[in-house]
Amino acid sequence: MEFSDQAKIWGLIVCFILQMGQGYYLPGSYPHNYAVGSQLSVKVNSLTSIETEIPYGYYSLPFCPPQEGVKDSAENLGELLMGDRIENSPYRFKTYVNESEIFLCQTKPLSGEEFSLLKKRIDEMYQVNLLLENLPAIRYTTKDGYFLRWTGYPVGIKVQEGYYVFNHLRFKVLVHKYEEPNVARVMGTGDAAEMIPANGKPEPEVPGYMVVGFEVIPCSVMHDVNAAKNLKMYDKYPSPIKCDPSTVAMAIKEGQPISFTYEVEFELSDIKWPSRWDAYLKMEGSKVHWFSILNSLMVITFLAGIVLVIFLRTVRRDLTRYEELDKEAQAQMNEELSGWKLVVGDVFRAPACSSLLCIMIGDGVQILGMAIVTIMFAALGFMSPASRGTLLSGMLFFYMILGIAAGYVAVRLWRTMGCGDSKGWVSVAWRAACFFPGISFLIFTVLNFLLWGSGSTGAIPFTTYFVLILLWFCISVPLTLIGGYFGAKAPHIEYPVRTNQIPREIPAQRYPSWLLVLGAGTLPFGTLFIELFFIMSSIWMGRVYYVFGFLFIVLIILVVVCAEVSLVLTYMHLCVEDWKWWWKSFFASGSVSIYIFLYSINYLIFDLKSLSGPVSATLYLGYSLFMVTAIMLATGTVGFLSSFWFVHYLFSSVKLD
């Protein structure tokens, strides 16, 4: 490889790491202090809907463009993958200055295509997402006596046979006075007639303010077309505008224009900068989370009791009796022995498709490590939802770095099964680097074509797609090969017993062993299905998920349950002289993915029953398939490694001539 090529690769790595660093957010960091009258700019994100799960650009609808033209804001890799497209907007505020009847624009008469598209987006319940100082616009409503909060506001509403658009927005901006004694105060520059007095006493110096809240109330107001014809952007509308969210008046019709206006009110708040995301990150259903954890702990205790019985009453007793026998009695007892002691010469026989198993274990270690590290950082506040896309960017970063662990585990396990032979380790490491990413790219490519065909902002741009391929082959694959090299140089794990040349025949079983293996996944699923509901709601219902502390506890519990389930199932198979435990130990805990996929289908039918269109359903099922594949590899790896340790420990305690 030439020096210029190496420089490009390392430049890409540095850019990726710097881009990730921009996304990190510690609560309370980076406060922005604005002088009175300073300009605040509102940004717009993609239009989203829980009806279709397909995001579209804000300016795909006939909204008012800004005077300087539409410009994209800087986005990190995670935002692009999530379908976020943040752009500038014409909405402008003056800090701590109330304004009303501000005219934005009057659109051209709606064409037939624009009219049909607007009606379609209203039918599909698309939401407009606005951002001010990185805070999404929040909307409060009351329904059946409950106080509800939403992010964004609907494009419009259908009443009977008429379609109405929300063309007037009433904003409320909550600000907190910046009172650091060591910070120089700034003078206000706003219009004194419209300025809100901070208190009843005049002050020689007006402090700066920090934005700590952003609320919006959408209204549908009928404007006079002729009165708005000669107005320019930011002019004052000639007549008062009454914003009543309970009534609608601006019906859209083909061939008629739409006028857009807004008003803004500033309110002094006691909310401090570190707490400004509390309104979005309120932990709902905390009792349900604790119930989930207590339920999981009961499952762990039950399984731990079974494991304890196996170790203390069965294994220890059998080993003691086996070791105390003299040679003659041992030979006599061998004729009467049954259970795991009879498969001593076959228990470490290499399984079918051993290289595939090693590759899946390596990828499982990589995925599990990524999940643990990412959730740990998120629980510590380094990946707050305040920094959009950081969580996904962090997952990609940690996944690539942990390619070293994937290559090491896959190659060392492969050498162990091959009794130390290191020939061909490059092939194993290469396949470990391409197995799960290859499946992921296949799924995402198919889904990306669907999104491209729909004109959605959720489609990954070609440049981003190319960057992902470069990250895969220029960072992840080399790191996996490096890990494989260390795995080839490390000593392989020595088996405690010799393997016979002729395989022992497995006795006929009373029931299919695979039936028991598949049923074992119900226990791990029982530990996480409650938390799974909150995760699914966050992904598909647009809710913010921030209880990463609970999620980390559930993940640890899941790992423990998977290990216990696989260990118990492996011992049960050995007791009936079934020495083919390798793949069964993997799928005993990995089968939890089957139940998660069935739960996903149940969630689609009963919770996302409004999901419309074959494209939306295909997207949902495609992303669910990707998720359960990753879960199968991670949980199966936990089960296999725990069973491998148990079998190695069990037979290393047996003395043989």
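This is a predicted model: local features need pLDDT of at least 70, side-chain atom pairs count only at pLDDT 80 or more; totals for chains, interfaces and linings use all residues.

Residues are numbered from 1 along each chain as its sequence is written, and side-chain values use heavy atoms, with hydrogens and water left out.

**Exercise 1.** Find the disulfides (pairs of cysteine sulfur atoms within 2.5 Å) and give their pattern.

- Step 1. Searching the whole structure gives 2 disulfides.
- Step 2. Cys64 bonds to Cys105, S to S 1.9 Å.
- Step 3. Cys219 bonds to Cys243, S to S 1.8 Å.
- Step 4. Counting bonded cysteines along the chain, the pattern is 1-2, 3-4.

**Exercise 2.** Determine the handedness of the link between Cys64 and Cys105.

- Step 1. The torsion about their S-S bond is about -85 degrees, so this disulfide is left-handed.
- Step 2. Now place the ends: Cys64 sits in the loop between strand S1 (39-44) and helix H2 (77-82), and Cys105 in strand S3 (residues 99-106). They are 41 residues apart. Helices (H or I, at least four residues) and strands (E, at least two) are DSSP runs, numbered from the N terminus.

**Exercise 3.** Classify Cys64, Cys105, Cys353 and Cys474 as buried, partly exposed or exposed.

- Step 1. Apply the cut-offs: buried is under 20% relative accessible area, exposed over 50%, partly exposed in between (1.4 Å probe, protein chains only).
- Step 2. Cys64 has 3%, so it is buried.
- Step 3. Cys105 has 15%, so it is buried.
- Step 4. Cys353 has 54%, so it is exposed.
- Step 5. Cys474 has 21%, so it is partly exposed.

Terms used: A disulfide is a pair of cysteine sulfur atoms within 2.5 Å.
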